Amino acid sequence: QVQLVESGGGLVQAGGSLRLSCAASGRIFSSYIMGWFRQRPGKEREFVARINRSGGSTYYADSVKGRFAISRDNIKNTVYLQMNSLKPEDTAIYYCAADPSGTYSYFDYWGQGTQVTVSS
């Protein structure tokens with residue numbers, strides 16, 4: 001089992017940047033596929049980005065492609081989400097998640113979320 005704790009959220013003006021971090025407990029962090037999801041006000045939770053075990057492969061939702069970058073540090077047991085050129089519609093609670101299955105389909109472990117608010 002793994003525990004995930006997000007940090008780095010906050011209030012930023014449109015066009016600004018934030019970097020989210022997600023620290024994971026446990027010794028097998030490198031065996032998990034990691035992802036970021038978000039839940040915008042009044043919307044269902046949606047996929048944002050994912051990264052494979054080694055960090056060599058990433059995939060993004062169209063809405064964030066070219067603006068967000070996911071990365072991981074398997075020594076520090078941390079996954080990051082660098083968010084640039086933020087827009088008011090990026091306002092959401094951001095969650096990191098871990099998929100132990102290796103299939104990108106079973107994100108079984110979730111953090112508590114961190115709020116990102118982008119003002120216009």
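Me: Which polar atom lies 3.2 Å from the backbone nitrogen of G9?
Reply: One in the side chain of T114. Keep in mind that this is a predicted model.

Me: Where is T114 placed?
Reply: In strand β11, which covers residues 114–119.

Me: Is T114 buried or exposed?
Reply: Buried. Its relative accessibility is 11%, and the cut-off for buried is under 20%.

Me: What is T114 in contact with, leaving aside neighbours within four places in sequence?
Reply: The list is E6, S7, G8, G9, L20, A92, I93 and Y94. G9 is also the residue whose backbone nitrogen lies 3.2 Å from the T114 side chain.

Me: Y94 is on that list. What stands opposite Y94 in β11?
Reply: T114 does. The strands β9 and β11 pair there in the antiparallel sense, over three bridges.

Me: And what about β2 and β11, parallel or antiparallel?
Reply: Parallel. Four bridges join β2, residues 10–13, to β11. Q13 stands opposite S119 in β11.

Me: Which residues of β11 are on its covered face?
Reply: T114, V116 and V118. The uncovered face has Q115, T117 and S119.

Me: New topic. How many disulfides does a search of the whole structure find?
Reply: One. The disulfide joins C22 to C96, with the sulfurs 1.9 Å apart.

Me: Which parts of the chain does the pair link?
Reply: Distant ones. C22 is in strand β3, residues 18–24, and C96 is in strand β9, residues 92–99. The two cysteines are 74 residues apart.

Me: What kind of bond is a disulfide, in general?
Reply: A covalent one, between the sulfur atoms of two cysteines.

Me: Let's turn to the largest nonpolar core. Which of its residues touch the most other members?
Reply: W36, V79, L81, M83 and Y94. The core has 29 residues.

Me: Which strands each supply at least two residues of this core?
Reply: β3, β4 (33–39), β5 (46–51), β7 (68–73), β8 (78–83), β9 and β11.

Me: Where do nonpolar side chains tend to be in soluble globular proteins?
Reply: They tend to be buried together.

Me: On to sheets. In what order do the four strands of the open sheet run?
Reply: The order is β1-β3-β8-β7, and the pairing is antiparallel.

Me: Which are the edge strands?
Reply: β1, residues 4–7, and β7. Each pairs on one side only.

Me: By what angle are neighbouring strands of this sheet turned against each other on average?
Reply: By 15°, with direction ignored.

Me: How many bridges join β7 to β8?
Reply: Six, and the two strands run antiparallel. R72 stands opposite V79 in β8. V79 is also one of the core residues that touch the most other members.

Me: Where is T78 placed?
Reply: T78 is in strand β8. T78 is buried, with a relative accessible area of 9%.

Me: What does T78 touch, not counting residues up to four places away in sequence?
Reply: S21, C22, A23, F29, S71, R72 and D73. C22 is one of the two disulfide cysteines.

Me: Which backbone oxygen lies 2.9 Å from a polar atom of the T78 side chain?
Reply: That of K76.

Me: How far apart are T78 and S105?
Reply: 27 residues in sequence and 20 Å in space, C-alpha to C-alpha.

Me: Last topic, the backbone. What is the phi of N77?
Reply: Positive, about 55°, although N77 is not a glycine. N77 is in the loop between β7 and β8. N77 is buried, at 17% relative accessible area.

Me: And what is the phi of S85?
Reply: Also positive, about 50°, and S85 is not a glycine. S85 is found in the loop between β8 and β9.

Me: How does S85 count, by relative accessibility?
Reply: As partly exposed, at 40%. N77, at 17%, is buried.

Technical notes:
Residues numbered from 1 in each chain as written. Predicted model: local features only at pLDDT ≥ 70, side-chain atom pairs only at ≥ 80, totals over all residues. Heavy atoms only, no water. Buried < 20%, exposed > 50% of the residue type's maximum accessible area, 1.4 Å probe, protein only. Polar contact = N/O pair within 3.5 Å; in protein donor to acceptor, adjacent residues only side chain to side chain. Contact = heavy atoms within 4.5 Å. Disulfide = S-S within 2.5 Å. Core = buried A, V, L, I, M, F, W, Y, C linked by side-chain atoms within 4.5 Å. Pairing = 2+ DSSP bridges. Axes fitted to C-alpha atoms, helices over the stretch in contact; angles between N-to-C directions.
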